[in-house]
Amino acid sequence: MSKTPIQSHSHGDAAPGDEQSDILAGISGYVIGLVLAAGLTATSFWVASTNMLWEPGVPIGLCVLAIAQMGVHLVFFLHITTGPDNTNNVLALAFGLLIVFLVIAGSLWIMANLNANMMPMESLTNLSMQH
Amino acid sequence: MTTATASIQTPVDPHHLGRAGGGGDETPGSGAGGPAPKKIVVAYGFWIFLLSDIIMFAALFAAYAVLKNATAGGPITNELFSRTTVAIETVLLLLSTFACGLAAKAAEAGKRRLAQIGLLVTATLGVAFLVLEIIEFAELIGKGAGPDRSAFLSAFFALVGCHGLHVAVGLLWAGTMIAQFKAKGFRADIMRRFACFNLFWHALDIIWVAIFTVVYLLGTLP
């Protein structure tokens, strides 16, 4: 069974960080990534220091910018893409993100709940005074 | 016969990855093609390690977020952190990651001197980052805001210190790579090692993005 000329891929998977293109295209990818990341970082610092924005929205805005920058790093530096040969890497990343979400959100939720249900400090001292 | 097979296979396997080919498939990593190339397997394994490392950082982030207000009457975030230092550290690490990527491209092209220079720039920027961080830590401890002061400061030093430790290990690794390029050249195993280093260094920058946002920027809001 001879291979058809269109089958240019010599292998079926891409490693994380792998990129199937020529050197110049690879460098331009890094430059785009650097520009985007620098822009997002600069925006983060500007958002944190300016008085022009609605204050209660600033923390959420900063989180969105950070997540966007992590995405830029993943795509342009680690080359985790949605390409068909990248499925394994994306699946591993998705599972990792699930665990990260569970650990952080779960900890915050449980600890906030514990704090809310804790007996206030004053009543604790009052209890000990009664003895 | 060949053209008929190809025309049948095209809709089943539009990207020609060979996953749908069945027993007659000769693509490595699927069917009768045998295991995937070592390059793929090694980088994938290292990617799994990096994800587990990121999960460990998630636990440290969770601890920090929970203990942020447990200052025990000690200094709070706004009194401790300087945005200027963090901005410089961020720029250093970002440029370092960029240089690392360029070094990888140079190594792919077989240009040893360029790859070594790229790695040297990477490591120099990394050292500058680490020096700034150590100065910051020393100042904090000098002000009486060491990790023993409050639960908040313990969590802070654990989180940022762990990242710094990773950077220090990465620097050691970068130095090793420069030496191995000289001693062993672009052998297949050295290239795999370098690909892993590249992934490691980029992942550290991703974690730093989370640190400078959560710890420093959110901690110094008015």
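Reader: What is the area buried between chain B and chain A, and how do you know how much of it carbon and sulfur atoms give?

Author: This is a predicted model, where local features need pLDDT of at least 70 and side-chain atom pairs pLDDT 80 or more, while totals for chains, interfaces and linings use all residues; side-chain values use heavy atoms, without hydrogens and water. Residues are numbered from 1 along each chain as its sequence is written, with chains lettered from A and ligands numbered from 1 in the order written. The area buried between chain B and chain A is about 4800 Å², and carbon and sulfur atoms give 79% of that; buried area is the accessible area (1.4 Å probe) that two parts lose on being put together, summed over both.

Reader: Which element gives the most to the side of chain B that touches chain A?

Author: That is α2(B), with 15 residues.

Reader: How many salt bridges does the rule find across the interface of chain B and chain A?

Author: The rule asks for a side-chain nitrogen of Lys or Arg within 4 Å of a carboxyl oxygen of Asp or Glu, and across this interface it finds 0.

Reader: What makes residues of α2(B) buried?

Author: Buried means under 20% relative accessible area (1.4 Å probe, protein chains only), against over 50% for exposed and in between for partly exposed. Among those in α2(B) that are buried are Phe46(B), Trp47(B) and Asp53(B).

How values were computed
Helices (H or I, at least four residues) and strands (E, at least two) are DSSP runs, numbered from the N terminus.
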